[in-house]
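Morning, everyone. Let me put the chain up on the screen, and then we'll walk through it.

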Amino acid sequence: HPPNVKGGKGAGRLWVSNERRELGYLQTVGGITPGDTVEFSIWAKAISTSSGIVGDKSDGKIGLCAGIDPLGGPFQDAPSVVWGEAATVMDEYVLLSCRVVAQADKVTVFTRMEAVPNTRTDTFWDDAELKVVASVPEPPPDDGAGWVGYVQSAGVRSGPGLDMPVVARLPQGASVVVLKQSGDWYTIAYKIVGYMHKDDVAQK
């Protein structure tokens with residue numbers, strides 16, 4: 001199916017005929033730093049025709065989705081899997097993506113197609129990418145100035161600023177170690193090291 005290749009020499013293909021099925025790929029990727037924000041993206045194309053003739057315009061629908069398990073597990077129905085927005089665009093490639101905060105030294109990426117019965121149901125998958133979009137900062141040197149506070153309400157950010165990505169959300173009342181203050185921002189430690197606004201951390 002050369003016309004259905006997005007880039008390079010080939011694309012992955014999943015297909016069924018006259019069946020209601022969920023199919024997909026998965027791959028576990030190691031070398032991840034827990035607390036990093038990672039993004040998985042992949043291009044997908046869906047075709048569903050009652051004629052079964054290659055080249056006919058689709059008259060059916062297929063749901064396409066990409067997901068990530070931040071724990072690195074192998075099961076797509078695990079409660080830890082985070083799925084991106086589903087797409088039902090037919091006869092052309094659409095970009096699917098999903099973003100999570102890694103909770104282990106590996107993550108598993110998934111693709112999923114949800115097909116309704118039709119004579120010909122094809123999906124093509126191409127140009128997949130997994131990248132780190134926000135890294136956990138290195139802990140500052142321990143100068144003995146740390147103190148324990150508790151979280152009032154907020155997310156942990158990758159840097160000192162409201163424009164920085166949220167890399168983790170802590171439960172209200174959770175204890176954190178404040179390592180350093182820079183202006184209105186604290187460098188805190190709670191399994192990961194990140195930044196929180198001073199108004200969101202109260203001293204015990």
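Which residues does V177 touch, not counting residues up to four places away in sequence? They are W147, V148, T187, I188 and A189. Contact here means heavy atoms within 4.5 Å.

Before I go on, the ground rules. This is a predicted model, where local features need pLDDT of at least 70, side-chain atom pairs count only at pLDDT 80 or more, and totals for chains, interfaces and linings use all residues. Residues are numbered from 1 along each chain as its sequence is written, and side-chain values use heavy atoms, with hydrogens and water left out.

Back to V177. V177 sits in strand 13, residues 175–182. V177 counts as partly exposed because its relative accessibility is 34%. The cut-offs: buried is under 20% relative accessible area, exposed is over 50%, and partly exposed is in between, with a 1.4 Å probe and protein chains only. P34 is 143 residues away from V177 along the chain, and their C-alpha atoms are separated by 18 Å.

Now the whole chain. The secondary structure comes to 0 helices and 16 strands. Those are DSSP runs, numbered from the N terminus: helices are H or I with at least four residues, strands are E with at least two. The C-alpha trace spans about 70 × 30 × 30 Å along its principal axes. The radius of gyration is 22 Å, whereas a compact globule of 204 residues would have one near 17 Å. That radius is taken over C-alpha atoms, and the globule rule is 2.2 Å times the number of residues to the power 0.38. Of the 204 residues, 44% count as buried. Take contacts between residues at least 6 apart in sequence: 73% of them join residues at least 24 apart.

Four strands form an open sheet in the order 1-9-4-7, with antiparallel pairing. Its edge strands are strand 1 (12–16) and strand 7 (94–101), and each pairs on one side only. From one strand to the next, the twist averages 30°. Axes are lines fitted to C-alpha atoms, for helices over the stretch in contact, and angles run from 0 to 180 degrees between N-to-C directions. Strand 4, residues 37–49, pairs with strand 7 in the antiparallel sense over 8 bridges. Two strands pair if DSSP finds at least two bridges between them. T37 stands opposite V101 in strand 7.

On to the loops. N118 is in the loop between strand 8 (106–115) and strand 9 (120–134). Is N118 buried or exposed? Buried, because its relative accessibility is 10%. Leaving out residues up to four places away in sequence, N118 touches S17, N18, S48, T49, S50, D59 and G60. With D59 there is a side-chain to side-chain polar contact at 3.3 Å. A polar contact is a pair of N or O atoms within 3.5 Å; within protein, one must be able to donate a hydrogen and the other to accept it, and residues adjacent in sequence count only if both atoms are side-chain atoms.

D199 lies in the loop between strand 15 (192–197) and strand 16 (201–203). D199 counts as exposed because its relative accessibility is 51%.

Last, two backbone points. D91, in the loop between strand 6 (82–83) and strand 7, has a positive phi of about 70° although it is not a glycine. D127 is in strand 9, and D127 is also not a glycine, yet has a positive phi of about 50°.
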